[in-house]
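Dear colleague,

Please find below the structure that I am handing over to you. My notes on what was found follow it, and I would be grateful if you read them with the model open.

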Amino acid sequence: MNIKFETLIYALSRRFKKDIISADFQTMPLQGGTVGNVYLVTGIAETAEGEKLPYRIVLKIQKKWERYGDPGSWRREYDLYASDFGATFSDAFRWPTCYHAEINAEENEFQLWLEYIDGVTGLDLTGDMYEQAALELGRYQGKLYAEQPAVLQSLTNLSHADLMKNTYLHYRSWPVVYDYIRSEDCEFPQHVRQMLIDIDEHADEILARIEKLPLVLCHRDFWVTNLIYADGKIALIDWDTSGWGYLGEDLASLIADEADIDHMVEYYQRCVPAYYKGFSEYADVSPIADHCVYELILLVFGYRLVEWYLHTEDDDEKTKRVHTLQKIYEMKTSPARG
């Protein structure tokens, strides 16, 4: 891959807060999708005084693409890093530091040179780490909700509050998934099918309840592979879907998106109270008798799990999707207390 030497030197100088004059480098792909590539860049940097410093730094290259209902999302992370948004974070809950950001408008592409954070992520996260992530998320959202810092009003490229609702309605209007759970061919247990049908039948009333919840700044992709637990703190990557959403929306992702299925019900029971404890340190949540996290999980992930089930030929994957829906069903009979 083509790395500009001058850009690397500049990013490393910012990284070390020293005058870097040369560096070698190797690159290794990290996670990334069809529209974005993420690389770990490693090597030895040399200062003007001859000091040799081993380094690890992340390069993210993002091209333009269209997300349903959210056209500005492809460049959102660049826009956020170019703003004062970073000042909203705390030592305990933050994003990776950005050492250099540049956008090429002609190429519809941007680059971010980011801090590499070495920690626990994905399904290696423990229940205690899930609970801490929920607590710190609650604190972060509660603080912003209570203080309404000016930087939030200055951000022009954030996803809208109705994105969750519109995505659900989009799925519901899709015959492939809607008709399947109502068909004789459906292989899901009857109670799982009924759970999905019930949410459709009561969607207007449920959405009306959700829309009475506080509007908070959401990450909107708050799942385990975007969380890094290091030194007792939480770091959060991939902010391209972030925007205004409802209290508990991010928690639904933490619990149900590519979840630790065997512990889903336990994590639901642990994370909802932790989240509300964090939020209530800054804002009064006593009027919120019904937290709606269970309903948010079904609205956001119910039909998505059906889609994933229908679009894989792998029997283990199919079983995993049905098992996830079963665990969501069990949450209803094992309610968390917010």
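**The interface between the two domains**

Domain 1 and domain 2 bury about 2300 Å² between them, and carbon and sulfur atoms give 60% of that area. Please keep in mind that this is a predicted model. The area is quoted because the size of an interface is often given as the accessible area lost when the parts come together.

Which three residues of domain 1 supply more of its buried area than any other three? They are Tyr68, Arg76 and Phe93, which supply 30% of the area that domain 1 buries against domain 2.

As for the bounds, domain 1 covers residues 5-115 and domain 2 covers residues 120-333 of the protein chain. The contact involves 24 residues from domain 1 and 25 residues from domain 2. Between the C-alpha centres of the two domains the distance is 28 Å.

Polar groups also meet at this interface. There are 14 residue pairs in polar contact across it, with both residues at pLDDT 80 or more. The count of salt bridges between domain 1 and domain 2 is 3. On the side of domain 1 that touches domain 2, α2 (76-82) and β5 (93-94) each supply at least two residues. The largest share of that side comes from α2, with 4 residues.

A salt bridge also joins Lys60 to Asp238, and their closest N and O atoms are 2.8 Å apart.

**Helix α1**

Helix α1 takes in residues 5-16. Its 12 residues, at 1.5 Å a residue, should span 16 Å, and its end C-alpha atoms are 16 Å apart, so the two values agree.

Which residues of α1 are buried? They are Thr7, Leu8, Ile9, Ala11, Leu12, Ser13 and Phe16. The elements that cover these buried residues include β1 (20-23), β3 (36-47), β4 (52-63), β6 (98-104) and β7 (109-115). After α1 comes Lys17, which has a positive phi, near 55°.

**Thr312**

Thr312 is placed in the loop between α11 (293-310) and α12 (315-333). Is Thr312 buried or exposed? Its relative accessibility is 16%, and the cut-off for a buried residue is under 20%, so Thr312 counts as buried. When its neighbours within four places in sequence are left aside, Thr312 is in contact with Glu317 and Lys318.

Yours sincerely,
A colleague

Key: Residues numbered from 1 in each chain as written. Predicted model: local features only at pLDDT ≥ 70, side-chain atom pairs only at ≥ 80, totals over all residues. Heavy atoms only, no water. Buried < 20%, exposed > 50% of the residue type's maximum accessible area, 1.4 Å probe, protein only. Contact = heavy atoms within 4.5 Å. Expected span 1.5 Å × (residues − 1). Domains from an automatic or database assignment. Buried area = accessible area lost by both parts, 1.4 Å probe. Salt bridge = Lys/Arg side-chain N within 4 Å of Asp/Glu carboxyl O. Polar contact = N/O pair within 3.5 Å; in protein donor to acceptor, adjacent residues only side chain to side chain.
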